Amino acid sequence: MITKFIKRILRRDPMVKHTHASSTGAPKRIPKKSHRIDPHLLSKNAVKVTHTLQQAGYEAFIVGGAVRDLALGISPKDFDVATNATPDQVQRLFRKARLIGRRFQIVHVTFFGKGHPEIIEVSTFRALLDNAGDHVAESGRILRDNVWGSQGEDAARRDFTINAMYYDPSSETVLDYHGGMADMQKKTLRMIGDPAKRYREDPVRMLRAVRFAAKTGFELDSATRAPIAKLGKLLNDVPSARLFDEILKLLMSGYSWRAIQGLKEAGLHHGLLPLLDHILDDGEDSKGANDFVRLALANTDERIQSGKSVSAGFLFATLLWPDLLKNWKANSSKGMANIPALHDAMDDTIATQSSGMTIQRRFESDMREIWSMQPRFERRVGRYPFRLIESPRFRAGYDFMLLRCATGELNPAIGQWWTDFIAADPAGQEELMASAKNESGNTASPAKRRRRRKPKSAIPPESAAS
Ligand code: ATP
Ligand code: MG
C-alpha cells in the first residue's frame, strides 16, 4: 500500500500539475504539404526566437492567433511563441528581454529594425488547472512554480481549436491537439472542451467567439454557440477595463460592422455600450444614427484592412455622436446657447457610457476635442478657419466632419470648402474666405440648421460600405 503510494508520488512531475487526462493526448503532426503555410509570412524575429530557444535545447513554437492567420494565408499582426523554457531561462538567452506580469510571467523579446520595434511575446507552457483561481491567487512563488505545464495542457487551456495549433518553423510542422486544422477546413469556430464551462471560467470568451467569427468569416459550431444565450449576462461581472479592451479589439478587427451584427445575433450587445443598444435596435427613429455609425465603421474597417491606423478616440467619437447630437439638440431647445449646449451634451453622453463599459480617460479627451471642433467648421469668417486648421487634432476633426457630410447631416458643400481650403495657397484661402462670406447663413448653429431643414435620408447602406 505504502509503496504504491510512493510510486504514485514519484511518477508526478514536480513542476507540473496534471489535472486533465484529456490534455495529455498526442497531437496530430501536420506536414507542410497539408497546412501550406507560406514561410514568407513569418516574422524573421519570431523565427529567431524559436531558433535560439531550440539551439539551447528547449522546445519552441509559434502559437495561437499567428498560426491561425498563417494557415488562412493572412500575415499575422503579432507573433506569440510558446516554449518549455521557464521565463528566467528565456530571459537569459536574449539581450532585449523583459519579464512581464506577476501571476503568469511572460517574456517580451524586443527587436529593433527599420520602422517600429517588434515585440515577440514568449510564454512558458501553462498547466491546465481545474480551479485556476486557487492557483493564481495573490499568494506567491509556490503557486507560480506550479502553473507551468506540458504542451498538451497548454493547448487545452486555449480557447478555440483554431487558436491552439503550434508551428515549428524549423521543421515546418504544425502540432494540432484539438483538430484545429480540420475545423479550419470546415470553417468552424469550435471551443475546446465543454463550451459552457469555458465561458463560465472566462465570459470574455463569448466576445472573442463573436470577434473571431467576424474576422475569419467562420461559423460558430452549434455547441459553441448554444450556451451564449444563457451565459451572456456573465459579462456583467467582467471588470470594465477588460471589457473595454475586448470591445476595442472587436471594433479594430477590420470587421467591426460584421462583429457588431454578430453581437446582436448572439444577444450580447446589451449593456456593453449603451450606444450599441440604440444602434442595434432597428426602430425607425434610430435610422439616421444607424447610417452614421455604419458609415463610420465601414470607414474604420476599410482603413484597418488597408493597413492604416485608426485612433480609438476617433472611433468612439463617431459611435457616440448620434447620442451626443440628441442631447445637444435637447439642450438647445431648452434655450441653452449653442456651445455650452454642446459641452453639456458631451458630459451627458460620456456619463451615460459609464453605466456599462467605461471609456478610458485618454480616449475621452480625444473625443471631446473632435466633438468640440465640429461647430467651428461652420464658422468660416474672420480668422476662425486659420486658427482651426492649426489645432493639433485638426485632421481628426476634419475627417469626422466629412463623415457628417457623407450622411447628409452637414451640408456637403462645407466639407468641400474645407478640402479646398486645406489644399489652397494663401491667396486661394483668402478667395475661399470671400466666397464663404457670400454664402448665406454659414455661421448658423447646427441645431438651428437642422430644425430648418427637412431631415434628409442619409446615404443608403450599400454605398456606405464602398
Ligand atoms: P488576435 O489576432 O486578435 O491577436 P489571437 O488569437 O492572437 O488573436 P490573443 O488575445 O493575442 O488572440 O491571444 C493569443 C492566444 O492566447 C489565443 O490564440 C489563444 O490561444 C490564447 N487566449 C487568449 N485569450 C484567451 C482566453 N480568454 N481564453 C483562452 N485562451 C486565450
Ligand atoms: Mg495575438
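This is a predicted model: local features need pLDDT of at least 70, side-chain atom pairs count only at pLDDT 80 or more; totals for chains, interfaces and linings use all residues.
The chain contains 26 helices and 10 strands. It has 466 residues, of which 49% count as buried. Contacts across the sequence were examined next. Among those with a separation of 6 or more, 68% join residues 24 or more positions apart. The accessible surface of the chain amounts to about 23,800 Å². Carbon and sulfur atoms account for 52% of that surface.

Ligand 1 is surrounded by 17 residues. The closest are Arg-68, Lys-77, Asp-202, Arg-205 and Arg-211. Charged residues make up 13 members of this shell. A further three are polar, and one is nonpolar. Three helices, α4, α11 and α14, each supply at least two residues of the shell. Helix α11 spans residues 204–216 and α14 spans 240–251. The most is given by α11, with five residues.

Several arginine side chains approach ligand 1 through polar atoms. For Arg-68, an N or O atom of the side chain is 2.9 Å from an oxygen atom of the ligand. For Arg-158, the corresponding distance to an oxygen atom of ligand 1 is 3.0 Å. Arg-205 places a polar side-chain atom 2.8 Å from a nitrogen atom of ligand 1. Taken alone, the ligand exposes 590 Å², and the protein buries 83% of that area.

An annotated site was considered next. The unreviewed UniProt entry places the feature "active site" at Asp-78, Asp-80 and Asp-159. Asp-78 sits in the loop that runs between α4 (65–71) and β3 (80–83). Helix α4 is also one of the elements that supply the shell around ligand 1. Asp-80 belongs to strand β3 itself. Asp-78 has a relative accessible area of 40%, so it is classed as partly exposed. Asp-80 has a value of 27% and is likewise partly exposed. Leaving aside residues up to four places away in sequence, Asp-80 touches Phe-61, Ile-62, Val-63 and Glu-121.

Glu-409 lies in the loop between α22 (394–406) and α23 (412–423). Its relative accessibility is 15%, and residues under 20% are classed as buried. Glu-409 therefore counts as buried. Its side chain makes a polar contact of 2.8 Å with the side chain of Trp-321.

Backbone geometry was examined at two loop positions. Most residues other than glycine have a negative phi. Arg-36 has a positive phi, near 55°. This residue is located in the loop between α2 (32–35) and α3 (44–55). Arg-36 is exposed because its relative accessible area, 69%, is over 50%. Lys-187 also has a positive phi, near 55°, and is not a glycine. Lys-187 is placed in the loop between α9 (180–186) and β9 (188–189).

Terms used. Residues are numbered from 1 along each chain as its sequence is written. Chains are lettered from A and ligands numbered from 1 in the order in which they are written. Side-chain values use heavy atoms; hydrogens and water are left out. UniProt positions are given in the numbering used here, feature names are shortened, and annotations may be inferred rather than shown by experiment. Helices (H or I, at least four residues) and strands (E, at least two) are DSSP runs, numbered from the N terminus. Buried means under 20% relative accessible area, exposed over 50%, partly exposed in between (1.4 Å probe, protein chains only). Contact means heavy atoms within 4.5 Å. A polar contact is a pair of N or O atoms within 3.5 Å; within protein, one must be able to donate a hydrogen and the other to accept it, and residues adjacent in sequence count only if both atoms are side-chain atoms. A residue is near a molecule or strand if one of its heavy atoms lies within 4 Å of it. Accessible areas come from the Shrake-Rupley method with a 1.4 Å probe; for residues, only the protein chains shown count as cover. Ala, Val, Leu, Ile, Met, Phe, Trp, Tyr, Cys and Pro count as nonpolar, Asp, Glu, Lys and Arg as charged, and the others, Gly among them, as polar.
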